[in-house]
Amino acid sequence: MEIALRAAAAAARRGEVPVGAVVTDAAGHVLAVAANRTEADCDAAAHAELLALRAAAAHRGSPRLENCDLWVTLEPCPMCATAAALFRVRRVLFGAYDPKGGGIEHGPRVFDTAPHLHRPEVVGGLREREAAGLLRAFFAARR
Ligand SMILES: [Zn+2]
């Protein structure tokens, strides 16, 4: 989560919403690190999680990330939660909860309501204060 937080902080310095994501394998080795790139790529779907999942799968040479974990500083949105299920990650571990945009513990609760999808284990609230603090500082500076 430390690496994801650092990626999020670096994203904020580039003017991106500070969300960072890391994919690790079963042994805990880092396969991919990403942060939001929606502004840089002019891509509204360039969320940290999606970028990290794609990079990890490319690195592994397989679209399946079985036994891999997705670490992300903010509760994934419905799109990224669905992507985590499609990539078949073992666990999704996130920092801050996102009552407005989250798709796991909030909103559509993707893993609970789409029974056809692989269902990763979920751990929320890891280093929540730091993850939420990055977002708060970023949006406060823009007001
Ligand atoms: Zn997302």
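Tutor: **The sheet and what surrounds it**

The model is predicted, so local features need pLDDT of at least 70 and side-chain atom pairs count only at pLDDT 80 or more, while totals for chains, interfaces and linings use all residues. Residues are numbered from 1 along each chain as its sequence is written, and side-chain values use heavy atoms, with hydrogens and water left out.

Now widen the view. Five bridges join β3 to β4, and these two strands run parallel. Strands here are DSSP runs of E with at least two residues, helices are runs of H or I with at least four, and both are numbered from the N terminus. Two strands pair if DSSP finds at least two bridges between them. Strands of a sheet pair through backbone hydrogen bonds, either parallel or antiparallel.

β1 and β3 pair in the antiparallel sense, over four bridges. Strand β1 covers residues 20-24 and pairs with β2 in the antiparallel sense over five bridges.

Put together, five strands form an open sheet in the order β2-β1-β3-β4-β5, with mixed pairing. β2 (30-35) and β5 (121-123) stand at the edges; each has a single partner strand, so one side of each is left without a neighbour in the sheet. On average, neighbouring strands are turned by 15° against each other, direction ignored. Helix α6 (residues 128-142) packs on the sheet and touches β3 and β4 (91-96), with its direction at about 60° to that of β4. For such angles, axes are lines fitted to C-alpha atoms, for helices over the stretch in contact, and the angle runs from 0 to 180 degrees between N-to-C directions.

Back to β3. Five of its six residues are buried, so the strand is mostly covered. Buried means under 20% relative accessible area, exposed over 50%, and partly exposed in between, with a 1.4 Å probe and protein chains only. D69 lies in β3 (residues 69-74). D69 counts as buried because its relative accessibility is 2%. Its side chain has two polar partners. A polar contact of 3.0 Å joins the side chains of D69 and R90; another, of 2.9 Å, joins the side chains of D69 and R91. A polar contact is a pair of N or O atoms within 3.5 Å; within protein, one must be able to donate a hydrogen and the other to accept it, and residues adjacent in sequence count only if both atoms are side-chain atoms. D69 also touches V22, V23, T24 and L93, among others. Here contact means heavy atoms within 4.5 Å.

Leaving out residues up to four places away in sequence, V23 touches residues including A52, L53, L65 and D69. The largest nonpolar core has 40 residues, and V23, L53, L65 and F111 have the most contacts inside it. Helix α3 (residues 48-60) gives the largest share of this core, six residues. A nonpolar core is a set of buried Ala, Val, Leu, Ile, Met, Phe, Trp, Tyr and Cys residues joined through side-chain atoms within 4.5 Å.

Another helix reaches the sheet as well. In α4 (residues 78-86), C80, A81, A83, A84 and A85 are buried. The buried residues of α4 pack against α3, β3, β4 and α5 (110-113). C80 also belongs to the zinc site. The protein donors of the zinc ion are H47 (ND1), C77 (SG) and C80 (SG), 2.0 to 2.3 Å from it. Donors are N, O and S atoms within 2.8 Å of the metal (3.2 Å for Na, K and Ca); water is not among the atoms, so sites may look incomplete. Along the chain the donors follow the spacing H-x29-C-x2-C. C80 counts as buried because its relative accessibility is 0%; C77, at 14%, counts as buried too.

One last stop lies in the loop between α4 and β4, where R88 is found. R88 has a phi near 60°, a positive value in a residue other than glycine. Most residues other than glycine have a negative phi. R88 counts as partly exposed because its relative accessibility is 36%.
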